[in-house]
Each structure stands twice: as structure tokens, then as C-alpha cells.
Amino acid sequence: MATEQTVIKVGGMSCQGCVKNVTGVLQALPGVGEVAVSLENGEARISHDPEKTAVAALRAAIEDAGFDAL
Ligand code: 9UX
């Protein structure tokens with residue numbers, strides 16, 4: 001399985017609950033492995049198989065959860 005590392009700047013996270021929410025919606029997607037979300041840096045680092053979940057789908061999941069994929 002091809003694995004790609006993608007970093008997406010995330011706006012609108014204001015507490016660790018937000019971090020948990022963003023982490024959860026990303027981990028629910030097919031082909032997503034390790035997810036590390038940082039409140040301090042305002043970003044999400046995601047290991048994923050781009051053939052199962054493309055970057056656009058990662059961004060859409062962040063937006064659907066009420067945050068901004070920057
Ligand atoms: Mo924190 Mo975020 O109280 O979706 S959970 S603001």
C-alpha cells in the first residue's frame with residue numbers, strides 16, 4: 001500500500017476537544033493511518049493511502065467537521 005504524508009493547516013481549533021474531533025474524523029477515513037493534530041501549530045499531519053483517500057477528501061472531512069482546511 002502506498003503511503004503519503006500530508007500536512008494540512010487547520011483553522012478554527014481552539015481546544016484539545018477540537019484536536020480530538022479533527023483527529024477522529026480523519027482516522028475514520030479509509031486508508032488513513034497515523035494522524036497527529038497540533039493545536040499549537042494549527043495543523044494536521046496525516047499518513048494515508050492517496051488511492052483510498054486523496055488530499056481533497058482529507059480537506060473535505062476537516063471542513064465538514066466545522067474547521068477550515070487552509
Ligand atoms: Mo473545544 Mo472545539 O471546547 O470543536 S471542542 S471549542
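In what order do the four strands form an open sheet, and is the pairing parallel or antiparallel? The model I am presenting today is a predicted one. In this model, the order of the strands is β2-β3-β1-β4, and they pair in an antiparallel manner.

Please look next at the edges of the sheet. β2 and β4, the latter covering residues 68-69, each have a single partner strand, so one side of each is left without a neighbour in the sheet. As a general point, strands of a sheet pair through backbone hydrogen bonds, in either a parallel or an antiparallel arrangement. Here, β1 and β3 run antiparallel and are joined by six bridges. Within this pair, lysine 9 has glutamate 43 of β3 as its bridge partner.

I turn now to the helices. α1 packs on the sheet, where it touches β2 and β3, and its direction makes about 165° with that of β2. α2 lies across β1, β2, β3 and β4, and runs at about 30° to β1.

In general, nonpolar side chains tend to be buried together in soluble globular proteins.

Let us close with phenylalanine 67. Leaving aside neighbours within four places in sequence, phenylalanine 67 is in contact with Val10, Gly11, Gly12, Met13, Cys18, Asn21, Val22 and Ile62.

How values were computed
Residues are numbered from 1 along each chain as its sequence is written. This is a predicted model: local features need pLDDT of at least 70, side-chain atom pairs count only at pLDDT 80 or more; totals for chains, interfaces and linings use all residues. Side-chain values use heavy atoms; hydrogens and water are left out. Contact means heavy atoms within 4.5 Å. Two strands pair if DSSP finds at least two bridges between them. Helices (H or I, at least four residues) and strands (E, at least two) are DSSP runs, numbered from the N terminus. Axes are lines fitted to C-alpha atoms, for helices over the stretch in contact, and angles run from 0 to 180 degrees between N-to-C directions.
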